[in-house]
Amino acid sequence: MGRTEPRIRILLGSIIAMGPGKADLLDAIQQTGSISAAARRMNMSYRRAWLLVDTMNQSFREPLVTTAAGGKGGGGANVTEFGRDMLARYRKMETRAQLAIADEISEFGEFLVDSVDH
């Protein structure tokens, strides 16, 4: 059976300011230095990745990602110091939540089917 785990989402009204996909995207941008390379790594369109970055940047008091225009000299993206701090805080919340309910999640998982095809 697949792993059963809680998924933390930080909402700002009805907007997901931070969640597992956005955190993974920040990690990928940090590793690649590029929104487009991060999108390719995550098998998502550049537009989708850019919209997620834009949502994060609009949701926080400071930008999590800064970009430089492309062209002959390159371009790229950088996770800001503030963005790295927010990512670390989010990952800490994920870990704490998983540890806090590990027993309950394990018990709950016993009631799930062995595989899901949707």
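Asn43 is exposed, with a relative accessible area of 73%. Here, buried means under 20% relative accessible area, exposed means over 50%, and partly exposed lies in between, with a 1.4 Å probe and protein chains only. Asn43 sits in the loop between H2 and H3. Its phi is positive, at about 55°, although Asn43 is not a glycine. Most residues other than glycine have a negative phi.

The structure is a predicted model, in which local features need pLDDT of at least 70 and side-chain atom pairs count only at pLDDT 80 or more, while totals for chains, interfaces and linings use all residues. Residues are numbered from 1 along each chain as its sequence is written, and side-chain values use heavy atoms, with hydrogens and water left out.

The protein chain holds 5 helices and 4 strands. Both kinds of element are DSSP runs numbered from the N terminus: helices are H or I with at least four residues, and strands are E with at least two. From the N terminus on, the order is β-β-α-α-α-β-β-α-α. Of the 118 residues, 29% count as buried. Contact means heavy atoms within 4.5 Å. Among contacts in the protein chain with a separation of 6 or more, 50% come from residues 24 or more positions apart.

Helix H1 covers residues 20-32. The expected span of a helix is 1.5 Å times one less than its number of residues. For the 13 residues of H1 this gives 18 Å, and the end C-alpha atoms are 18 Å apart, which agrees. The buried residues of H1 are Pro20, Lys22, Ala23, Leu25, Leu26, Ala28 and Ile29. Their cover includes strand S2 (15-18), helix H2 (35-41), helix H3 (46-59), S3, S4 and helix H4 (81-100).

How do H1 and H3 lie together? Two packed helices are described by the angle between their axes and the distance between the axes. Axes are lines fitted to C-alpha atoms, for helices over the stretch in contact, and angles run from 0 to 180 degrees between N-to-C directions. The axes of H1 and H3 come within 10 Å and cross at roughly 105°. Angles under 35 degrees count as roughly parallel, over 145 as roughly antiparallel, 65 to 115 as roughly perpendicular and the rest as oblique. H1 and H3 are therefore roughly perpendicular to each other. On the H1 side, Lys22, Leu25, Leu26 and Ile29 take part. They meet Ala49, Leu52, Val53, Thr55 and Met56 in H3.

Helix H2 contains Ala38 and Ala39. Ala38 counts as buried, at 0% relative accessibility. Ala39 is also buried, at 1%. Leaving out residues up to four places away in sequence, Ala38 touches Leu25, Ala28, Ile29 and Thr32. Under that condition, Ala39 touches Met44, Ser45, Tyr46 and Ala49. Ala38 and Asp24 are 14 residues apart in sequence, with 9.2 Å between their C-alpha atoms. Ala39 and Leu25 are 14 residues apart in sequence, with 7.5 Å from C-alpha to C-alpha.

Tyr46 belongs to helix H3. It is partly exposed, at 45% relative accessibility. Apart from neighbours within four places in sequence, Tyr46 is in contact with Ile35, Ser36 and Ala39. Tyr46 and Ser36 are 10 residues apart in sequence and 5.3 Å apart in space, C-alpha to C-alpha.

Strands S3 (residues 65-68) and S4 pair in the antiparallel sense over 4 bridges. Two strands pair if DSSP finds at least two bridges between them. Val65 has Val79 as its bridge partner in S4. Strand S4 (residues 76-79) has two faces. Ala77 and Val79 form the covered face, whereas Gly76 and Asn78 form the uncovered one.

Aromatic rings were examined next. Rings of Phe, Tyr and Trp (its six-membered ring) pair if their centres lie within 6.5 Å; planes under 30 degrees apart count as stacked, over 60 as edge-to-face and the rest as tilted. By this rule the count is 1 aromatic pair. Phe60 and Phe82 form an edge-to-face pair, 6.3 Å centre to centre and with 75° between the planes. The pair links distant parts of the chain, 22 residues apart: Phe60 is in the loop between H3 and S3, and Phe82 is in helix H4. Phe60 counts as partly exposed, at 21% relative accessibility.
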